[in-house]
Amino acid sequence: MGIHQLSRQEARRIAVRAQLLDQPRPATLLDVVRHLTLLQLEPTAAVAPSADVVVWSRLGSAYQQSELATALERGTLIELRGRARPREDLALYRAEMASWQHRTDLRPWEEDVREWVDANDDCRREILHRIEREGPLTLSELPDTCNVPWRSSGWNNNRNVDRLLDLMVLRGEVAITGREGQKRLFDLAERVYPEESVPEEQARLLRAERLLTALGIARPGEDDVGEAATIEGVRGKWRVDPEQLDRPFQGRVALLSPLDQLIFDRKRMAELFDFDYTLEMYKPAAKRRWGYWAMPILHGDRLIGKVDATADRAAGLLRVDAIHEDEPFARSTMAAVRRELGDLAKWIFRTPGRICWPSGPAG
């Protein structure tokens, strides 16, 4: 098999189609997560939580935010490392989790973490005993009997049980099984995860294959999955999902979460889309160009601008402070962007939705 030589437009269309952002739309939440492999669970909700916005961008206002919470409560999706994943995919992580305690290829900081867990083995065992006896518990319901406090250069200092639980998740000992409000519930992993476990090397390869299917095209990783490709005008090597080659493309307008997988790798975003974008929520207001949580605008296979919007839930109003056009929009493009904002308002408020446009309020 030779090296596929792709234009930038072909590469962009592969990426957009692989991310389920073309036509036709997928049908259900599970369709989306099983294909994308994950949803990043980020609590910031200027418009809505990022994971929900990612799903809305694919499904539209037929999707209800309660569906994600329900899927996590029922175990159809499972939270792992801050991401919701399909339950069946946990089989691809269990062997790696089980080997964590005995690995010989850990980096120095990982060795330090393992030593810290070992130093607090009594606390770890007490946590497991309490959860086994009492069922799922929140962080505040678990004892802090750590002999050695957790130390860092930041805000995690002395958050002993919090850090210990996160590491016990990585070791496959406990699992997040739901939430009480914003508090995570922890249970024994054996009561949450599927029994199946794929051998570690095979699992790593399958994860790489599934990730490339979700991305469509990406830089080579540890495992050379997919097929070799080059992109006109872009330096270096790429790997492409062969199932995405030579397929028709029907684009649409979509508003994206700043954490959407299509643009999460900012270097890849710049190489494929030549799009200037930074998430500005951590910048002082006076230094923002596009807004606190500006949503990139996808038009077909191009990223063409950003929408600065916030949801005023008390007023039942979507406030659109600005629509930033990287280049002047055609009238039909602006109309399509405004329709998407109307659908966004309908989805957030479960009504036709009131929108306050930059020029003033409108229905």
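**Close-up views of a predicted model**

**View 1. Lining of the second largest pocket.** The second largest pocket has 40 lining residues, and those nearest its centre are Leu41, Pro43, Glu79, Arg179 and Arg184. This is a predicted model, in which local features need pLDDT of at least 70, side-chain atom pairs count only at pLDDT 80 or more, and totals for chains, interfaces and linings use all residues. Residues are numbered from 1 along each chain as its sequence is written, and side-chain values use heavy atoms, without hydrogens and water. Two or more lining residues come from each of α3, α4 (66-74), β3 (77-80), α8 (160-170), β6 (174-180) and β7 (183-188). The lining divides into 16 nonpolar, 11 polar and 13 charged residues (Ala, Val, Leu, Ile, Met, Phe, Trp, Tyr, Cys and Pro count as nonpolar, Asp, Glu, Lys and Arg as charged, and the others, Gly among them, as polar). A pocket is an open set of points on a 1 Å grid over the protein atoms alone where a 1.4 Å probe fits, with protein on both sides within 12 Å along at least five of seven lines; lining residues have an atom within 4 Å of a point.

**View 2. Packing of helices α1 and α9.** Helix α1 (residues 8-18) packs on helix α9 (residues 200-215) at about 110°, and their axes are 6 Å apart. The two helices are therefore roughly perpendicular (angles of 65 to 115 degrees; axes are lines fitted to C-alpha atoms over the stretch in contact, with angles from 0 to 180 degrees between N-to-C directions). Ile14, Ala15 and Ala18 of α1 meet Thr213, Ala214 and Leu215 of α9, where contact means heavy atoms within 4.5 Å.

Key: Helices (H or I, at least four residues) and strands (E, at least two) are DSSP runs, numbered from the N terminus. Angles under 35 degrees count as roughly parallel, over 145 as roughly antiparallel, 65 to 115 as roughly perpendicular and the rest as oblique.
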